[in-house]
Amino acid sequence: MDSVTAWVDRGWLVGAEVLVRRDEQTVLHEAVGLADRESGRPLERNSLFRIRSMSKPMIGTAILMLAEEGRLSLDDRASTHLASFDNEQSRGVRIRELLTHTSGLGNHGAENIGLPRDADDYDSLAELVQDIGAIGPQYPRGEFRYSDSGSATLAQIVASLSGMPIEDFF
């Protein structure tokens with residue numbers, strides 16, 4: 001923990017929360033630095049962080065866990081699990097394509113894909129993915145195109161199949 005505190009003191013990090021567990025027991029859980037530099041609000045334990053693209057490997061792992069359990073196939077269509085993808089535009093999108101960023105879905109995090117409102121203004125992941133499915137692919141399927149929309153769709157598939165929000169599944 002001394003190294004992390006030193007990084008905060010040197011200004012390399014604004015704040016950090018460290019959690020170490022061993023044998024299902026917490027052996028270290030501390031927060032140092034600030035949650036918000038501008039307001040000077042200190043970081044507290046159990047803070048929520050927006051980890052953005054680092055969630056993609058976790059979502060991929062969750063999908064593979066469900067596939068291993070036989071609850072889905074990587075060749076399933078997204079529409080098998082999400083009604084909002086059961087339309088002419090989106091029906092062909094497969095889980096494998098969502099995992100490999102080859103579904104043709106745009107990147108709602110970086111471009112205007114036609115959502116009726118900003119992605120951060122949705123009340124739930126399910127609501128966002130409903131609109132993503134209604135809009136459908138905007139680019140040729142099979143070509144790599146980084147896609148937050150595809151990852152959001154995978155997260156909603158995990159939530160739907162597991163019966164719990166993606167963050168609880170993690």
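I will go through the overall build of this protein chain and then turn to one of its helices, H4.

What you see is a predicted model, and the protein chain averages a pLDDT of 95, with 100% of the residues scoring at least 70. Among the elements, helix H6, residues 166–169, has the lowest mean pLDDT, at 92, while helix H3, residues 95–99, has the highest, at 98.

As for the layout, the protein chain has six helices and three strands, and if you read along the sequence they follow the pattern α-β-β-β-α-α-α-α-α. The C-alpha trace spans about 55 × 40 × 30 Å along its principal axes, and 36% of the 170 residues count as buried. If we take the contacts with a separation of 6 or more, residues 24 or more positions apart account for 55% of them.

Let me now turn to helix H4, which covers residues 125–135: which of its residues are buried? They are Leu128, Val129, Ile132 and Gly133. Seen down the axis of H4, these buried residues fall within an arc of 135°, so they line one face of the helix. In general, an α-helix has 3.6 residues a turn, so residues three or four places apart point the same way. What covers the buried residues of H4 includes helix H5, residues 148–162, and just after H4 comes Gly136, which takes a positive phi of about 80°.

Conventions: Residues numbered from 1 in each chain as written. Predicted model: local features only at pLDDT ≥ 70, side-chain atom pairs only at ≥ 80, totals over all residues. Heavy atoms only, no water. pLDDT = per-residue confidence, 0-100. Helix = DSSP H or I, 4+ residues; strand = E, 2+ residues; numbered from the N terminus. Buried < 20%, exposed > 50% of the residue type's maximum accessible area, 1.4 Å probe, protein only. Contact = heavy atoms within 4.5 Å. Arc of directions from axis to C-beta.
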